[in-house]
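Biologist: Could you take me through the helix packing and the core of this structure?

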There are 2 protein chains.
Amino acid sequence: MSSASQLACAARDHASARRALPVSREALDRASDLFRAMGDTARLRLLALLSQGPACVSELAAIENETVSTISQRLRVLRSERLVTRRRDGKHINYSLADQHVLDLVFSAMAHASELPAQTPGAASIPEPEPEPEPEKEQS
Amino acid sequence: MSSASQLACAARDHASARRALPVSREALDRASDLFRAMGDTARLRLLALLSQGPACVSELAAIENETVSTISQRLRVLRSERLVTRRRDGKHINYSLADQHVLDLVFSAMAHASELPAQTPGAASIPEPEPEPEPEKEQS
DNA sequence: TCAACAGTTGCATAGTTGTGCAATTGAATG
DNA sequence: CATTCAATTGCACAACTATGCAACTGTTGA
C-alpha cells in the first residue's frame with residue numbers, strides 16, 4: 001500500500017511547510033477506537049439508556065427488544081473502550097456509564113449533528129452552498 | 001430479529017421504571033453517524049492535519065503517503081458528516097475543518113482515551129479492577 | 001449438589017466498509 | 001481546442017463487523 005508517486009502539487013505549487021501533527025499518532029489511534037465504539041446507533045442508544053442510571057443486560061435487552069446475547073456483545077465493545085463499567089449485583093450484572101465524560105462527548109456530537117440536516121455529498125458541485133462572510137478570491 | 005422473550009429480570013427483580021430516552025432516537029442516529037466518520041484512524045489523522053490549516057488532496061496524500069484516490073474517499077466520508085468543507089482554489093481543492101466544534105470533539109475523545117492505556121475486556125473476571133472510592137458492597 | 005437463571009463466548013454467516021485501479025470530470029494553460 | 005494536472009467516482013475485492021444460535025461459565029436458591 002501507498003505509493004506516493006504523485007506529490008506534484010505539494011512540492012511545487014505551495015512548497016509544503018506542514019508536517020508535524022498536533023498530537024501523537026497513538027493518541028489519535030485511541031481516539032478513533034473510541035469513536036468507532038460510539039459509531040454505532042445501537043451502541044450509542046445503550047449509552048443513552050445508561051445515562052439514566054445503571055441497568056443489567058436483560059433489562060437493556062427488554063428495552064431494546066433484542067436478545068441478551070446481542071446486548072452483551074454491544075456492551076463488550078463499549079466496555080473495551082472504557083465507556084461503561086460493570087459490577088455484579090447478586091444475580092445480575094449492572095452496567096453503568098464509565099463517567100460523565102462520555103455523555104459530554106455524546107452531547108457534543110449531537111450538537112454538531114443537529115446544526116444541519118446532514119447532506120449527502122455530491123449534491124452540489126464545488127462552489128460552497130453556504131454563503132460565507134469571507135469571499136476571499138485569491139488567484140495565482 | 002428481536003424476540004424479547006426474556007424480560008425476566010426487568011419485570012420482576014427491579015420492576016423496571018426506565019423507558020424514555022433522554023434524547024430523540026434520530027439525534028442519536030446522527031450522532032452515531034458522526035462518530036462513525038471519526039472512528040477511523042486514517043480519517044481522524046486527516047482531521048488532525050487539517051486542524052493546522054487547509055490543505056489540498058494531493059498535499060494530504062503526500063503527507064499520508066497514500067494515493068490521491070484513497071485520500072479523496074476519506075475526505076468524502078468526512079464531508080458527508082460536515083466535518084470538513086472544501087473550496088476550489090485554482091487548480092486545487094482545499095479542504096478545511098468545518099468548525100472548531102470538530103476539534104473539541106477530538107480533544108475530548110483523546111482526553112478520555114489517555115486516561116488509561118485501554119484494556120482488552122475479558123482480562124479480569126468481574127470484580128472491578130479499578131479501586132473506586134465507592135466500595136458499596138450490597139448483597140441480597 | 002442440582003436446577004434455574006444471568007451473562008458471556010465461539011462459531012458461521014450476512015452485511016458493511018476501506019482500498020486500489022482504471023476511467024472520468026473539470027479547471028487551467030499552451 | 002488539445003493537453004495536463006487535480007480530484008472524483010465506479011467497480012471489484014479483501015478485511016472487518018454485527019448478529020443469531022448454541023454451548024458454556026458462574027451465581028443463587030432449593
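This is a predicted model: local features need pLDDT of at least 70, side-chain atom pairs count only at pLDDT 80 or more; totals for chains, interfaces and linings use all residues.

Biologist: At what angle do H4 and H5 of chain A pack?

Modeller: Helix H4 (residues 57-64) of chain A packs against helix H5 (residues 68-80) of chain A at about 110°, and their axes are 9 Å apart. Angles of 65 to 115 degrees count as roughly perpendicular, and H4(A) and H5(A) are therefore roughly perpendicular to each other.

Biologist: Is the crossing of H4(A) and H5(A) left-handed or right-handed?

Modeller: H4(A) passes H5(A) in a right-handed crossing.

Biologist: Which residues meet there?

Modeller: From H4(A), A:Val57, A:Ser58, A:Leu60, A:Ala61 and A:Glu64 meet A:Val68, A:Ile71, A:Ser72 and A:Leu75 of H5(A). By class, this contact has 6 nonpolar, 2 polar and 1 charged residues.

Biologist: Turning to the largest nonpolar core, which residues touch the most other members?

Modeller: That core has 68 residues, and those touching the most other members are A:Ala31, A:Leu47, A:Ala109, B:Ala31, B:Leu47 and B:Ala109.

Biologist: What does A:Leu47 touch?

Modeller: Leaving aside residues up to four places away in sequence, A:Leu47 touches A:Leu78, A:Leu83, A:Leu97, A:Val102 and A:Val106.

Biologist: And B:Leu49, is that residue buried or exposed?

Modeller: B:Leu49, located in helix H3 (residues 41-50) of chain B, has 21 other C-beta atoms within 10 Å. A residue is buried if 20 or more lie within that distance, so B:Leu49 is buried.

Biologist: How far is B:Leu49 from B:Ile63?

Modeller: Their C-alpha atoms are separated by 9.1 Å, with the two residues 14 residues apart along the chain.

Terms used
Residues are numbered from 1 along each chain as its sequence is written. Chains are lettered from A and ligands numbered from 1 in the order in which they are written. Axes are lines fitted to C-alpha atoms, for helices over the stretch in contact, and angles run from 0 to 180 degrees between N-to-C directions. Helices (H or I, at least four residues) and strands (E, at least two) are DSSP runs, numbered from the N terminus. Angles under 35 degrees count as roughly parallel, over 145 as roughly antiparallel, 65 to 115 as roughly perpendicular and the rest as oblique. A crossing is left-handed if the near helix is turned anticlockwise from the far one by less than a right angle, and right-handed if clockwise. Two residues are in contact if their C-beta atoms, placed from the backbone, lie within 7 Å. Ala, Val, Leu, Ile, Met, Phe, Trp, Tyr, Cys and Pro count as nonpolar, Asp, Glu, Lys and Arg as charged, and the others, Gly among them, as polar. A nonpolar core is a set of buried Ala, Val, Leu, Ile, Met, Phe, Trp, Tyr and Cys residues joined through C-beta atoms within 7 Å. A residue is buried if 20 or more other C-beta atoms lie within 10 Å of its own, exposed if 12 or fewer, and partly exposed in between; C-beta atoms are placed from the backbone.
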